[in-house]
Amino acid sequence: MERLNPRIRVVWLFLAVFRAGIVGGFLVGAALVLSETGLWANSPDLLVPGAIGLAVTLGLVRVAVAWRRYAVWRFEVQDDGLYIERGVFTRIKTVVPYVRVQHVDSRRSPIERTTGLATVVVYTAGSRSADVAIPGLTPERAEQLREDLRRLAIESEGEDAV
Amino acid sequence: MNRLHPFSAAVYALRYGLLWLWVPFFLVTALAGAIEVVNIAWLPVAALLGFLSGAAYGIVYYYRFEYGITPDTFDVASGVIARRSREIPYRRIQNVDVRQGVLQRVLGLAVVTVETAGGGHSEAALQLVSKSEADRLQHQIRRRTAGVDADDPDRPTSEASEDSRPLDHEPLDKQSSRVDGTAEASPASETRSRREPTEPSRKRLFALDSRELLLYSLTTLRPAALAAVGFLFFFATDTVLDFLVTLSQPFGGPQDLQTGDTQSYGVLTVVSMVNGIVITYLVSVAYTFATYYDFRLGRVDEDFVYERGLLQRYSGSIPAEKVQSVTITDNPLQRLIDYAGLWVETAGYGPDSSGGSQSAVPMARAAHVHRFAENLTHVETPAFASPPPIARRRYLVRYSLIAAGVVAAALALAQVTPLERWYLAAVVFVAVPPAAHLRYVNLGYYVGEDHLVIRRGFWRRRTTVIPYFRIQTVSTRRSIFQRRLGIASLVVDTASSRTLFWDTPTIYDVDLEDARGAHRTGRKRLQSALRERARTDDASFSVDFT
């Protein structure tokens, strides 16, 4: 079983903090608007501190989930398919048979480029096609994995013809 | 290369004319307010100019739209300014549909759509061609698609000729008496005699008789009907309200909407709700009746062909080789009278816009439908296994939580409205045990020799038969609660499950060991089934996934 590059935690933590910031900003902002402008005549005193507390709690949960996600994520290039294990709350174990691979992408978002990571996306004809993405790979590993998958996808068909 | 029917020129001219009319209309209106030179009085002239240029565009569009049948591909070239020429290889075509609206039927015209597995919409739409041309196209494409498969002796050839035998026994004697060979074969036989005398005749597999049609219409409730009724209400609110008030008066409703006491308003609400339900149901019945009127399913070579419709007529063909999975559906009412329906799923898109599912048998005796499904897929009669009883406990907890949510909502409502006795909402808890039990007893799965059979749902129970070689991916999912209870769900993805209403086939809440076993079996059998199929192919394994 192969694990992701530990640097992926940086990416996930950054995204967790970023998203928590947006949601928290909305929460606290709404609470401030309600209490300061008098839209809600006699709002409880705890409204703003409560909103801040909620935002911080949500942020902490997000951070914890992002951290935990790294410990759970695993994948393996097995002999007949790509095996993936992931999910903090709902644990998902997926097999993508090589015969079913339609095409393979490797992609790098700005934040992945700054941390020197890449994502490999494997497409099948199924409905959950976009679900099969392996993040947190070094660009070399991503390149290699993409090549391996391509080769295996072609070989699996050649083998069948015998 | 062929052109569309000349009548389409008029249709396109009108369509683009009406569309383009608005461009100068808005431009003049906006500019007249801002610039003095522009006068609002130009409006009629500008609109006319817009219409004329739109009409001209439509006519040019018609002249620039060409399609043709080549030995290997179906070609469509279109576009006035930006040209697009598209070649669709026959082996990639999922299904070919012919649609005829009411007016089009009067004029003898039709819309032909060609579906492939890729993209989010139809690959090619020919609007409009004459009905005879549409039939010719459907027939030609079908023949050529079959020809591609015949070139490399593809597996369904042997497989399908096997199942055409049992299927042939299938149409009961009453069906052969229903067959009206002359009426349906007239356009086809015309082309047949002209083009190739060797064209195999179509075999009647199923025809919906009037009794089945009525039962199907009466026992099926379509969510779309609710939307239609809502739409009507939105546009004729006043009339509908007056109507509802009038209807409620015999039961003690208010004189009009303004005058009335709590009781009469209550009566109005109840009576209107009953009316709403009845009207929605009637609309749904009428819709189903019109859609599936005169439904017929047949088989030509390796293709299933079907036609249906009272006002708008649909006909389509589904290559047997492209069938991904087969689903038997029934709802509680249909189970009560022992009837069921059969759906065939492909990776293409159907005219019902419900993904690639096509009704193969809208409604027939359950035993008949099961036999049909078994002949179609060669699946053995499944011996369903149930999830462990702990799953039922899980649903009990889940539904209790939902019920608690309802009570909490009633409580919250009581805080802001004069609603009293909110605790009466707790009556929903009565429904929890039966709901959990019903969900549980309707779950079932069967790991067969060549197929996986998954049954789920109470209101709309679906039994899906998935051949192992159609599996795309297999996933085992375990939520926190499932991990604690030692159970898991198995998600089996196929290329056909890209539907809006139908979830991906899932075996819910089975023992972890069973889930792992099914996961392993699915994975292994996919490989071995593909190898078997490749062997029978004489080493010419086709690369298509569908």
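Reader: Which residues touch the most other members of the largest nonpolar core?

Author: The model is predicted, with local features needing pLDDT of at least 70 and side-chain atom pairs counting only at pLDDT 80 or more, while totals for chains, interfaces and linings use all residues. Residues are numbered from 1 along each chain as its sequence is written, chains are lettered from A and ligands numbered from 1 in the order in which they are written, and side-chain values use heavy atoms, without hydrogens and water. A nonpolar core is a set of buried (under 20% relative accessible area, 1.4 Å probe, protein chains only) Ala, Val, Leu, Ile, Met, Phe, Trp, Tyr and Cys residues joined through side-chain atoms within 4.5 Å. Of the 30 residues in the largest such core, those touching the most other members are L297(B), F304(B) and L342(B).

Reader: How many residues does the second, separate core have?

Author: This core includes I8(A), W73(A), F75(A) and V122(A). Its number of residues is 27.

Reader: In which order do the seven strands of the open sheet of chain B lie?

Author: Strands are DSSP runs (E, at least two residues) and helices likewise (H or I, at least four), numbered from the N terminus; two strands pair if DSSP finds at least two bridges between them. Strand 4 and strand 10 of chain B, for example, run antiparallel and are joined by five bridges. The pairing in the sheet is antiparallel, and the order is 6-5-4-10-9-8-7.

Reader: Why is one side of strand 6 and of strand 7 of chain B left without a neighbour in the sheet?

Author: Strand 6 (124-130) and strand 7 (203-207) of chain B stand at the edges. One side of each is therefore left without a neighbour, because each has a single partner strand.

Reader: Is Y445(B) buried or exposed?

Author: Y445(B) lies in strand 14 (residues 444-447) of chain B. Beyond its neighbours within four places in sequence, its contacts include F384(B), V453(B) and I507(B). With a relative accessible area of 9%, Y445(B) is buried.

Methods. Buried < 20%, exposed > 50% of the residue type's maximum accessible area, 1.4 Å probe, protein only. Contact = heavy atoms within 4.5 Å.
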